[in-house]
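Here is a friendly walk through one structure, taking its pockets and then its sheet. Have the sequence and the 3D view ready as you read.

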Amino acid sequence: MDYDQLAKTVFEELKPKLEGNRGLSIFATERAKFEGWLKVELCESLSKHYDDVVPEKDRIDVAFGDWAIQLK
């Protein structure tokens, strides 16, 4: 999977979860962190396409295949 395919897959999976979650608007209003929740959702989405999804590997938020994602 190349970068464009990966980005499309991630955004197609996460967009409905972000749009439909009222709790996230509360977090955004309060400028609170929701990185932990996002890691869980990202791992769940990626696990549909990769068998080796690992959170918190070598100080990287999510690692899988030849990829690594750092959330900020």
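## Ground rules

A pocket here is an open set of points, on a 1 Å grid over the protein atoms alone, where a 1.4 Å probe fits, with protein on both sides within 12 Å along at least five of seven lines; lining residues have an atom within 4 Å of a point. Grid points are joined across faces, edges and corners, and a volume is the space filled by probe spheres set on the points.

This is a predicted model, so local features need pLDDT of at least 70 and side-chain atom pairs count only at pLDDT 80 or more, while totals for chains, interfaces and linings use all residues. Residues are numbered from 1 along each chain as its sequence is written, and side-chain values use heavy atoms, with hydrogens and water left out.

Start with the second largest pocket, which holds about 180 Å³ of space. Around it sit Ala 32, Lys 33, Phe 34, Glu 35, Leu 38, Gln 70, Leu 71 and Lys 72. That lining splits into 4 nonpolar, 1 polar and 3 charged residues (Ala, Val, Leu, Ile, Met, Phe, Trp, Tyr, Cys and Pro count as nonpolar; Asp, Glu, Lys and Arg as charged; the others, Gly among them, as polar).

The largest pocket comes in at about 230 Å³. What is its lining like by class? It has 11 nonpolar residues, 1 polar and no charged. α1 (3-19) and α3 (35-46) each give at least two lining residues, and α1 has the largest share, with 7 (helices are DSSP runs of H or I, at least four residues; strands are runs of E, at least two; both are numbered from the N terminus).

Three strands make an open, antiparallel sheet in the order β1-β2-β3 (two strands pair if DSSP finds at least two bridges between them). β1 (54-57) and β3 (67-69) are at the edges with a single partner strand each, so one side of each has no neighbour in the sheet. From one strand to the next, the twist averages 35° (axes are lines fitted to C-alpha atoms, for helices over the stretch in contact, and angles run from 0 to 180 degrees between N-to-C directions).

β1 and β2 pair over 3 bridges, with Val 54 opposite Ala 63 in β2. Their hairpin has 2 residues between the strands, and Asp 58 takes a positive phi near 50° there. β2 (residues 60-64) also pairs with β3 over 3 bridges, and here Ala 63 faces Ala 68.
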